[in-house]
Amino acid sequence: MKKKYSIFSLAKNALSGHKEWPKMWRSPEPREFYDVIIIGGGGHGLGTAYYLAKEHGLKNIALIEKGWLGGGNTGRNTTIIRSNYLWDDSAHLYEHSLKLWENLSSELNYNVMFSQRGVMNLAHNEHDIKEIKRRVSANNLNGIDSFWLSKEEIQKKVPIMNTDNLRYPVLGASYQPRGGVARHDAIAWGFAMRADEMGVDIIQNCEAHQIRTKNGTIEGVETSKGFLRANKIGVVASGHTGVLAESAGIRLPLQSKPLQALVSEPIKPIIDTVVMSSAVHAYVSQSDKGELVIGAGTDSYNSFTQRGGFNIIEDTIRAMVELYPVFGKMKMLRQWGGIVDICPDASPIISKCDIDGLFFNCGWGTGGFKATPGSANVFAHTIAKNEPHQINSAFNLDRFASGRLVDEHGAAAVAH
Amino acid sequence: MLIINCPYCGPRDQSEFSNGGEAHVKRPDGSKEIGDREWGEYVFIRANPKGLFYERWVHTHGCRKWFNCVRDTSTDEILVTYKLDEKKPNLNNFKSVVKTPSGEPEVGSGNFTVEK
């Protein structure tokens with residue numbers, strides 16, 4: 001039955017003390033065979049299952065997740081959404097995603113709390129100014145809302161920012177008004193609920209151990225709940241994608257590193273936009289609860305410890321306090337790390353591979369959350385049709401042989 | 001934060017070092033014969049194991065020498081560091097604590113980062 005959320009359902013359930021809310025999804029035991037198995041129950045994986053069922057009419061789909069839904073990087077990021085990337089390929093992919101975000105709450109009838117409060121990327125030196133102005137022009141040519149803000153305009157929007165009295169003064173910024181933040185859990189839960197309603201088996205606490213292949217074709221996956229046969233498998237396991245690929249004999253150009261974030265104690269509204277700075281490496285937004293959500297960087301070495309080095313957050317906090325002296329006496333509540341898989345060109349891989357029926361959606365590195373619906377949408381297309389959607393055709397595995405990289409390192413507004 | 005035993009200077013704080021990625025990567029032979037794909041693999045693909053990993057470090061803010069290391073990427077425990085001209089240690093000499101692909105060590109990740 002389709003679950004509907006409205007002011008009336010809220011009132012009705014309030015009367016019964018919120019004890020009668022129906023379960024959002026079933027917890028079925030796995031069947032022996034599926035047409036498609038998605039490995040990874042984060043936003044990208046759940047979205048893929050949702051679009052496979054909704055847009056491609058597939059019925060026999062399973063999604064397996066080693067822990068709980070959205071418990072990996074979906075629940076460990078700073079939820080920033082924007083599409084102001086430099087290269088056409090990236091701009092089209094992220095803009096596709098941003099357009100889906102804009103309609104997602106009503107499409108899912110579930111509030112993903114997408115708040116288009118604008119995203120600012122600061123320039124701190126002459127080179128930043130040139131790069132950012134170039135990117136703004138590239139965005140405009142791609143029909144993406146993006147413009148240059150002078151220092152005075154920044155001061156007006158974010159009066160608490162220290163623009164002058166610091167080592168790397170703020171000289172201007174790019175601004176994308178349609179960018180913003182969304183609720184990370186809600187996107188996972190919304191996709192999960194609607195995918196489940198269309199018959200997708202969402203199986204939690206089911207770890208994928210090994211992908212089995214035979215004569216270059218997919219056979220299935222060994223899991224902690226037994227062997228599941230499948231015609232097609234989509235791997236969306238972020239930091240662990242490389243480990244699973246290895247089990248199928250595929251080497252991917254990925255390196256896994258912890259990426260950290262932290263939140264402060266809640267305070268009254270003080271910053272109503274998202275401000276990012278690549279040069280001094282600090283970015284911040286304020287959650288609806290009032291906590292400052294602060295993004296730090298990755299460790300310099302490969303690691304699977306979901307924790308990260310202390311020196312990384314130390315650097316970020318130093319930059320934060322310099323940029324916003326008013327935050328100097330605040331206390332941090334929580335800190336966490338998620339394992340991200342980084343590609344040599346800092347662009348994702350949404351691609352088939354040498355093995356028939358095996359698909360990868362990985363390499364999102366430090367900026368995958370914003371792409372959740374778009375990535376899921378084109379990955380579902382790739383799996384269903386056995387060929388990429390026009391939007392993700394550039395993000396194939398062949399680019400590491402052909403040399404046609406989508407080199408977003410430093411070129412985009414990427415903060416890492 | 002790691003404490004890294006530089007084979008030349010002894011144990012020092014991680015902030016003095018820079019990581020150099022996978023160690024013992026060999027440039028392919030027969031550069032005229034091999035195709036784009038082999039070159040692509042050599043240029044772009046590096047091992048990324050969860051568990052025992054051969055890697056390089058350089059003591060940037062110290063003796064500035066490069067050296068190799070075996071580290072368990074599931075715990076960050078550094079098992080041995082050795083000079084570039086030393087033979088690479090056999091991984092069977094070490095125990096990896098990861099039992100399943102996404103498994104976590106019992107002690108909790110990150111707890112090996114200080115010297116035992």
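Reader: Does B:H24 count as buried or exposed?
Author: B:H24 has 11 C-beta neighbours inside 10 Å. A residue is buried if 20 or more other C-beta atoms lie within 10 Å of its own, exposed if 12 or fewer, and partly exposed in between, with C-beta atoms placed from the backbone. By its count, B:H24 is therefore exposed.

Reader: What kind of model is this?
Author: Residues are numbered from 1 along each chain as its sequence is written, while chains are lettered from A and ligands numbered from 1 in the order in which they are written. Local features need pLDDT of at least 70, side-chain atom pairs count only at pLDDT 80 or more, and totals for chains, interfaces and linings use all residues; the model is predicted.

Reader: Where in chain B is B:H24 placed?
Author: B:H24 has a positive phi of about 60° although it is not a glycine. Helices (H or I, at least four residues) and strands (E, at least two) are DSSP runs, numbered from the N terminus. In those terms, the place of B:H24 in chain B is the loop between β3 (18-22) and α1 (36-44).

Reader: Which residue of the hairpin of β9(A) and β10(A) takes a positive phi?
Author: Two strands pair if DSSP finds at least two bridges between them. Six bridges join β9(A) to β10(A) (residues 217-223), and the two run antiparallel. Two residues lie between the strands of this hairpin, and the one with a positive phi, near 50°, is A:N215.

Reader: Why does A:N215 count as exposed?
Author: A:N215 is placed in the loop between β9 and β10 of chain A. A:N215 counts as exposed because its C-beta neighbours inside 10 Å number 7.

Reader: What is the bridge partner of A:V221 in β11(A)?
Author: A hairpin joins β10(A) to β11(A) through two residues. β11(A) covers residues 226-235 and pairs with β10(A) in the antiparallel sense over four bridges. Within β11(A), A:V221 has as its bridge partner A:L228.

Reader: Which strands are at the edges of the open sheet in chain A?
Author: The open sheet has eight strands with mixed pairing, in the order β5-β6-β4-β13-β14-β15-β12-β16. Each edge strand pairs on one side only, and in chain A these are β5 (147-150) and β16 (332-342).

Reader: What angle does the direction of α8(A) make with that of β15(A)?
Author: Axes are lines fitted to C-alpha atoms, for helices over the stretch in contact, and angles run from 0 to 180 degrees between N-to-C directions. Two residues are in contact if their C-beta atoms, placed from the backbone, lie within 7 Å. α8(A) packs on the sheet and touches β12, β13 (274-277), β14 (282-286), β15 (292-298) and β16 of chain A, and with the direction of β15(A) it makes an angle of about 130°.

Reader: How far apart are the C-alpha atoms of A:S264 and A:L333?
Author: A:S264 lies in β12 of chain A and counts as buried because it has 20 C-beta neighbours inside 10 Å. Residues up to four places away in sequence aside, those that A:S264 touches include A:E291, A:M330 and A:L333. A:S264 and A:L333 are 69 residues apart along the chain, yet the separation of their C-alpha atoms is 5.0 Å.

Reader: How many residues of α9(A) are buried?
Author: α9(A) runs over residues 372-385 and reaches 20 Å from its first C-alpha to its last, close to the 20 Å expected at 1.5 Å a residue (that is, 1.5 Å times one less than the number of residues). Among its buried residues are A:P373, A:F379 and A:I383. Of the 14 residues in α9(A), the number buried is 12.

Reader: How many residues of chain B are in contact with chain A?
Author: The elements of chain A that give two or more residues to its side of the contact are β9 (208-214), α7 (241-247), β12 (255-264), α8 (310-323) and α10 (399-402). On chain A, 28 residues take part, and the number in chain B is 25.
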